[in-house]
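Please look over the chain shown below before reading on.

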Amino acid sequence: MKKTTSSLFAVPYVIWICLFVLAPVALIVYQSFLGLDGGFTLANYREYFASQNLTYLKMSFNSVLYAGIITLVTLLISYPTAYFLTLLKHKQLWLMLIILPTWINLLLKTYAFIGIFGQNGSINSFLTFFGVGPQQILFTDFSFIFVASYIELPFMILPIFNALDDLDHNLINASYDLGANRWDTFRHVVFPLSLNGVRSGVQSVFIPSLSLFMLTRLIGGNRVITLGTAIEQHFLTTHNLGMGSTIGVVLIAAMLFIMWLTKERRKG
């Protein structure tokens, strides 16, 4: 009876997965084999991987490159931040303050940065005050990476913080007792034991960064073209659902590959 009851609790979860995960993915895969006339075709995949047309392959490279840069920037900031937070007395309060910006709508934060980086924004006003003059900050690679990294930062900090906060301090004390200094303890004890948090953070940042499209338009000024931007244009502008779905399938495959690449591997 108890086992039957436990199985019933899984029914809503299974229904949710089928309706909102498996069904949309299956629909995208199906549409990727449809041409403009609605007939079955492999032309979309041929066009994507065609050697004479490197547009989509360059777009894929740009997506991976920008996602990698954003992930690296957030990791370099998040790890020392998370480590420092674990040493504070009111660490949960400080963590909440870091996560608080995620409660604000993404579009509102984007428009706030448009005001900050714009020609008449606060940064250019500051530069003008010192005689530097207004600079083109908005619609650049720097502004896109900066804003994307800022938005993704809490999603990198949280899993790393949880991993560091769950460390057994007896292991750290044992390292000191055996003669290791702070750097050796961090390199051989703390960092290896926190790798699960790093992997989760990389997945949480890299995968969404592959499909960014709103920031590329509003902050990057369409100078930064990614797979997410191409999908948006094919679905909303050119109405080429087949090609848009094909790019979506490639994007899903790339995300699954990243998840496999960063998963924990147990040594047999």
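## A loop residue and the fold around it

Thr41 lies in the loop between H2 and helix H3 (43-49), where helices (H or I, at least four residues) and strands (E, at least two) are DSSP runs that are numbered from the N terminus. The model is a predicted one, in which local features need pLDDT of at least 70 and side-chain atom pairs count only at pLDDT 80 or more, while totals for chains, interfaces and linings use all residues. Residues are numbered from 1 along each chain as its sequence is written, and side-chain values use heavy atoms, with hydrogens and water left out.

- Thr41 counts as buried because its relative accessibility is 18%; buried means under 20% relative accessible area, exposed means over 50%, and partly exposed covers what lies in between (1.4 Å probe, protein chains only).
- Not counting residues up to four places away in sequence, Thr41 touches Ser32, Phe33, Leu34, Gly35 and Arg46, a contact being defined by heavy atoms within 4.5 Å.
- From C-alpha to C-alpha, Thr41 and Gln31 are 10.0 Å apart in space, and they are 10 residues apart in sequence.

**Overall fold**

- The protein chain has 14 helices and zero strands, and its C-alpha atoms fill a box of roughly 75 × 70 × 40 Å when this is taken along the principal axes.
- Of the 268 residues in the protein chain, 36% are buried.
- When contacts between residues at least 6 apart in sequence are considered, 67% of them join residues at least 24 apart.

**Surface and charge**

- The accessible surface of the protein chain comes to about 16400 Å², and 70% of this belongs to carbon and sulfur atoms; such areas come from the Shrake-Rupley method with a 1.4 Å probe, and for residues only the protein chains shown count as cover.
- A nonpolar surface patch of about 920 Å² is made by Leu8, Val11, Ile15, Trp16, Leu19, Phe20, Val21, Leu22, Val25 and Val29.
- Patches are made of residues with over 30% relative accessible area and no salt bridge, with like charges joined within 9 Å and nonpolar side chains (Val, Leu, Ile, Met, Phe, Trp, Tyr) joined within 5 Å.
- Helix H2 (residues 11-31) gives the most to this nonpolar patch, with nine residues, whereas the patch member Leu8 lies in helix H1 (residues 2-9).
- Leu8 counts as exposed because its relative accessibility is 55%.
- The protein chain has 16 positive and 11 negative side chains, and the centres of the two sets lie 3 Å apart.
- In this count Lys and Arg are positive and Asp and Glu negative, with His and the chain ends not counted, and the place of a charge is taken as NZ of Lys, CZ of Arg, CG of Asp or CD of Glu.

**Salt bridges**

- The count comes to three salt bridges, each being a side-chain nitrogen of Lys or Arg within 4 Å of a carboxyl oxygen of Asp or Glu.
- Asp165 forms a salt bridge with Lys91, and the closest N and O atoms are 2.6 Å apart.
- This pair links distant parts of the chain, with Asp165 in helix H8 (residues 141-165) and Lys91 in helix H5 (residues 91-99), 74 residues apart.
- Asp165 counts as partly exposed at 25% relative accessibility, and Lys91 counts as partly exposed at 22%.
- Arg187 and Asp184 meet through their side chains in a salt bridge (3.2 Å, N to O), and both lie in helix H10 (residues 182-193), three residues apart, about one turn of the helix.
- Arg187 is partly exposed, with a relative accessible area of 40%, and Asp184 counts as partly exposed at 24% relative accessibility.
- The side chains of Glu232 and Arg217 form a salt bridge (2.8 Å, N to O).
- Here too the pair links distant parts of the chain, with Glu232 in helix H13 (residues 227-236) and Arg217 in helix H12 (residues 214-218), 15 residues apart.
- Glu232 counts as buried at 17% relative accessibility, whereas Arg217 is partly exposed, with a relative accessible area of 33%.

**The buried residue Leu210**

- Leu210 is found in helix H11 (residues 195-210) and is buried, with a relative accessible area of 1%.
- Leaving aside neighbours within four places in sequence, Leu210 is in contact with residues including Ser63, Val64, Ala67, Leu227, Leu251 and Met255.
- Leu210 and Asp165 are 45 residues apart in sequence and 29 Å apart in space, C-alpha to C-alpha.
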